[in-house]
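Here is a short report on aromatic rings and nonpolar groups. Look at the sequence and the model first, then read on.

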Amino acid sequence: SPHWALPNGHCLLMSGPGFLAKKERALCYQARDLFYECSRLAGIEFTPDTPVPANCRQARQAFSQACPASWVAHFDHQQEATARKTRQLYKTINEQAPTAAGSLTGKAQR
């Protein structure tokens, strides 16, 4: 089985339920991206607590089959954190827009 040699002479086995070969990882990432894109197109910021949109169920199933369950959970939480950061960024921008330096006409706002 594949392994990495560590500096101390021990080997790290590269197999098991959480290990995917390069081709399998590429398929997992592709299935992940297709599912989250489907959710976005359905107008949903997917989080672990969000029901899967009906038209994305097949993409979710492909994602779940292509990736280990621990990866799916990790990607779901990562997606939720990114959505939360994006919402906070938009909120900050919208709150500061009235006092931003300059406007579309090039004049400073007061």
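## Rings, charges and core

The charged end of R60 sits over the ring of F35, 5.0 Å from the ring centre. Sitting over a ring means that NZ of Lys or CZ of Arg is within 6 Å of the ring centre and within 35 degrees of the ring normal. R32 does likewise: its charged end sits over the ring of F75, 4.7 Å from the centre.

This is a predicted model, where local features need pLDDT of at least 70, side-chain atom pairs count only at pLDDT 80 or more, and totals for chains, interfaces and linings use all residues. Residues are numbered from 1 along each chain as its sequence is written, and side-chain values use heavy atoms, with hydrogens and water left out.

How many aromatic pairs does the structure hold? There are 9. Rings of Phe, Tyr and Trp (its six-membered ring) pair if their centres lie within 6.5 Å; planes under 30 degrees apart count as stacked, over 60 as edge-to-face and the rest as tilted. Two of the pairs are tabulated here.

| Pair | Centre distance | Plane angle | Class |
|---|---|---|---|
| Y29 and W71 | 6.3 Å | 20 degrees | stacked |
| F35 and Y36 | 5.3 Å | 55 degrees | tilted |

Y29 lies in helix α1 (residues 22-41) and W71 in helix α3 (residues 69-96), so their pair ties together parts that are 42 residues apart in sequence. Helices (H or I, at least four residues) are DSSP runs, numbered from the N terminus.

The rings also group. Y29, F35, Y36, F46, F63, W71 and F75 form one aromatic cluster.

Buried means under 20% relative accessible area, exposed over 50%, partly exposed in between (1.4 Å probe, protein chains only). F35 is buried at 0%, and Y36 is buried at 4%. Y29 is partly exposed at 33%.

Now the core. The largest nonpolar core has 13 residues. Such a core is a set of buried Ala, Val, Leu, Ile, Met, Phe, Trp, Tyr and Cys residues joined through side-chain atoms within 4.5 Å. C28, F35, Y36, F63, C67, W71 and F75 have the most contacts inside the largest core. Helices α1 and α3 each supply at least two residues of this core. Helix α1 gives the most, with 5 residues.

One more residue belongs to helix α3: I93. At 46% relative accessibility, I93 counts as partly exposed.
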